Amino acid sequence: MAGGQGLIKRFYDEVLTGGNLSLLDEMVMDDVVDHEEGIPGQPPGKEGMRFYVNAVRAAFPDLAVKTSEPALADGNLEAAQTVLTGTHQGDFAGVPATGKSVEFSGIDIIRVQDGKVAEHWGSTDTMSLMQQIGAVPK
């Protein structure tokens with residue numbers, strides 16, 4: 001892996017599903033730029049990532065990563081396609097818990113600088129997720 005850090009996989013495995021938020025300080029630059037639109041109320045930068053992780057973990061406490069393999073790790077770029085599963089057990093984006101099982105996917109691309117995430121582009125299938133919890137009609 002030429003220059004790749006495995007940061008996306010570590011984020012999903014250790015931070016998002018593992019709950020180790022202290023790793024964000026080790027893995028993410030303070031002034032990280034996130035080009036993906038977040039969830040309502042999500043601030044920019046590293047605190048936005050912390051907000052997102054807390055919101056997703058509270059709503060889907062049994063969240064699991066089905067796949068998270070880097071499709072690209074070249075120079076200072078890393079990319080991965082990920083499928084997540086979980087049970088809607090808490091409020092998510094204003095939608096109260098439904099107890100429904102969900103499966104949704106996303107694609108992440110990051111730029112690594114000095115061993116940390118400096119920039120993130122992503123596309124999460126939020127529409128499918130919101131349909132599965134009944135917030136949006138199918």
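My entries on a helix pair and on the aromatic rings follow.

**Helix packing**

I noted at the start that this is a predicted model. I looked up helix α1, residues 7-16, and helix α3, residues 45-59. Their axes come within 11 Å and cross at roughly 55°. I recorded the crossing of α1 past α3 as right-handed.

Next I asked which residues meet where α1 and α3 touch. From α1 I listed Phe 11, Val 15 and Leu 16. From α3 I listed Tyr 52, Val 53, Val 56 and Arg 57. By class, this contact has 6 nonpolar residues, 1 charged and no polar.

**Aromatic pairs**

I then turned to the rings. The count comes to 3 aromatic pairs. In one of them, the ring centres of Phe 11 and Tyr 12 are 5.5 Å apart. Phe 11 and Tyr 12 are both buried.

I also checked Phe 60 and Phe 104. They form a tilted pair, with 6.4 Å centre to centre and 50° between the planes. Phe 60 lies in the loop between α3 and β2, and Phe 104 lies in strand β4, so the pair ties together parts 44 residues apart in sequence.

My last entry is a cluster: ring pairs link Phe 60, Phe 92 and Phe 104.

Note on methods: Residues numbered from 1 in each chain as written. Predicted model: local features only at pLDDT ≥ 70, side-chain atom pairs only at ≥ 80, totals over all residues. Heavy atoms only, no water. Axes fitted to C-alpha atoms, helices over the stretch in contact; angles between N-to-C directions. Helix = DSSP H or I, 4+ residues; strand = E, 2+ residues; numbered from the N terminus. Left-handed = near helix turned anticlockwise from the far one by under 90°. Contact = heavy atoms within 4.5 Å. Nonpolar A, V, L, I, M, F, W, Y, C, P; charged D, E, K, R; others polar. Phe/Tyr/Trp six-rings, centres within 6.5 Å; stacked < 30°, edge-to-face > 60°. Buried < 20%, exposed > 50% of the residue type's maximum accessible area, 1.4 Å probe, protein only.
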